[in-house]
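Me: I would like to go through this model and ask, for each label, what value stands behind the word.

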Amino acid sequence: LGFLAAGVVLGPNGFKGLKDLSDLDTLGEIGILFLLFEQGLELTVDRLQSLFKFAFGLGTLQVALTTAAFTAVPFLGGSQILESVFGASQDLVSIKQLDEAFVIGAALALSSSAFVLKILQEKGQLGSPTGRAALGVLLLQDIAVVPLLVLLPIVELQNEVATAAEGASQDLGTLFGTAIGGVTALLAFGYIVLPKIFNAVAGARSFETFIALCLLTVAAAGTFTKTIGLSDTLGAFIAGILLAETNYRTQVEADIQPFRGILLGLFFVTTGASVDLPLLVQEWPTALGVLIGLISIKAAITGGLATNFGLSKGDAVRTGLLLS
């Protein structure tokens, strides 16, 4: 909250101390990579297996059902409620096209890895059932961005559904093939080549070189997965998993922690600086109504699904609220 508040105060709508946010935003994104890399480092084989259950089970259902729910809301009276109860202007909340509703619904179905994992880390709950479920869902959401983007042409070209569907299916097949091949290559490199590189650098007994190798590993893995159509955070997470079973896990984790903290702080500063305060003050009733609807629908769907994946009611409620 301190970093967010600092961003609001120093941003373009505050004292204008931060005018060009592009460089800070890039550094902040690197901080998120380190955060996911660190989570990968802490995974054991047993925790990884339980994570797959949450990712491809709970995560898949959460993304699909939440996207569908938010897409349907404007056509089921959601816009009218915002206008009549919260005084929202029709131009601001009126959504009449399916493609607009789908894009907004898909965006609202996703959660922020940086915010969720930072909260879990501060409370020491990353290893708890809530933490494992949240991390699994977040990883699936990173993967789900790819098919969601490919499916957009089907929705946008409503008059040419057959053509759009055929093109999208081909794109989706190509992307999945590239993604599977790329991740396989990354895993092979990580298991075969990466330990040898770390052995050689560790043998040189150069602290600076070892840190540089850690930073390069995170950046290279993230860039590679982003190049093949996946998120860079997924690449950083995989890199962490690959190093989790090596003898350098503890050393790597200790070396990257200062960088992760500083860069992640910059992410929250840029997020705060991006807030349009005049618009928020002007439309605060609408923002409040959207916030209530977002948290209620998303928490209800996620929490309801979580109880079917071994979570207690309390953990399910916490997971639903956390991902909302």
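Me: How many residues does the chain have, and what percentage of them count as buried?
Reply: This is a predicted model. The chain has 324 residues, and 43% of them count as buried, buried being a relative accessible area under 20%.

Me: What makes Asp-315 and Arg-318 a salt bridge?
Reply: Their closest N and O atoms are 2.6 Å apart. The cut-off is 4 Å between a side-chain nitrogen of Lys or Arg and a carboxyl oxygen of Asp or Glu, so a pair within that distance qualifies. By this rule the count is one salt bridge. In general, side chains of opposite charge can pair when their charged atoms come close.

Me: Where do Asp-315 and Arg-318 lie?
Reply: Both are in helix α16, residues 313-322, and three residues separate them, about one turn of the helix.

Me: Why is Asp-315 called buried, and why is Arg-318 called partly exposed?
Reply: Asp-315 has 14% relative accessibility, and the limit for buried is under 20%, so Asp-315 counts as buried. Arg-318 has 45%. Partly exposed covers the range between the buried limit and the exposed limit of over 50%, so Arg-318 counts as partly exposed.

Me: Ala-316 is also found in helix α16. How do you know whether Ala-316 is buried or exposed?
Reply: Ala-316 has a relative accessible area of 2%. With the buried limit at under 20%, Ala-316 is therefore buried. Leaving out residues up to four places away in sequence, Ala-316 touches Gly-303, Ala-306, Thr-307 and Leu-311. Its C-alpha atom is 9.6 Å from that of Ala-300, which is 16 residues away along the chain.

Me: What makes α7 oblique to α13?
Reply: Helix α7, residues 113-122, and helix α13, residues 249-273, pack at about 130°, with axes 12 Å apart. Angles from 65 to 115 degrees count as roughly perpendicular and those over 145 as roughly antiparallel. The angle falls between these ranges, so α7 is oblique to α13. Their crossing is left-handed. Ala-114, Phe-115, Lys-118 and Gln-121 of α7 meet Arg-260, Leu-264, Phe-267, Phe-268 and Thr-271 of α13. By class, this contact has five nonpolar, two polar and two charged residues.

Me: Why is Glu-38 called buried?
Reply: Glu-38, in helix α2, residues 22-41, has a relative accessible area of 3%. That is under the 20% limit, so Glu-38 is buried. Apart from neighbours within four places in sequence, Glu-38 is in contact with Gln-121, Glu-253, Ile-256 and Arg-260.

Me: Why is Thr-60 called partly exposed?
Reply: Thr-60 lies in helix α3, residues 45-72, and has a relative accessible area of 36%. Buried requires under 20% and exposed over 50%, so Thr-60 is partly exposed. Beyond four places in sequence, Thr-60 is in contact with Ala-55 and Leu-140.

Me: What makes Arg-205 count as exposed?
Reply: Arg-205 has 78% relative accessibility, and exposed means over 50%, so Arg-205 counts as exposed. Arg-205 sits in the loop between α10 and α11. Its phi is near 55°, a positive value in a residue other than glycine.

Conventions. Residues numbered from 1 in each chain as written. Predicted model: local features only at pLDDT ≥ 70, side-chain atom pairs only at ≥ 80, totals over all residues. Heavy atoms only, no water. Helix = DSSP H or I, 4+ residues; strand = E, 2+ residues; numbered from the N terminus. Buried < 20%, exposed > 50% of the residue type's maximum accessible area, 1.4 Å probe, protein only. Axes fitted to C-alpha atoms, helices over the stretch in contact; angles between N-to-C directions. Parallel < 35°, antiparallel > 145°, perpendicular 65-115°, else oblique. Left-handed = near helix turned anticlockwise from the far one by under 90°. Contact = heavy atoms within 4.5 Å. Nonpolar A, V, L, I, M, F, W, Y, C, P; charged D, E, K, R; others polar.
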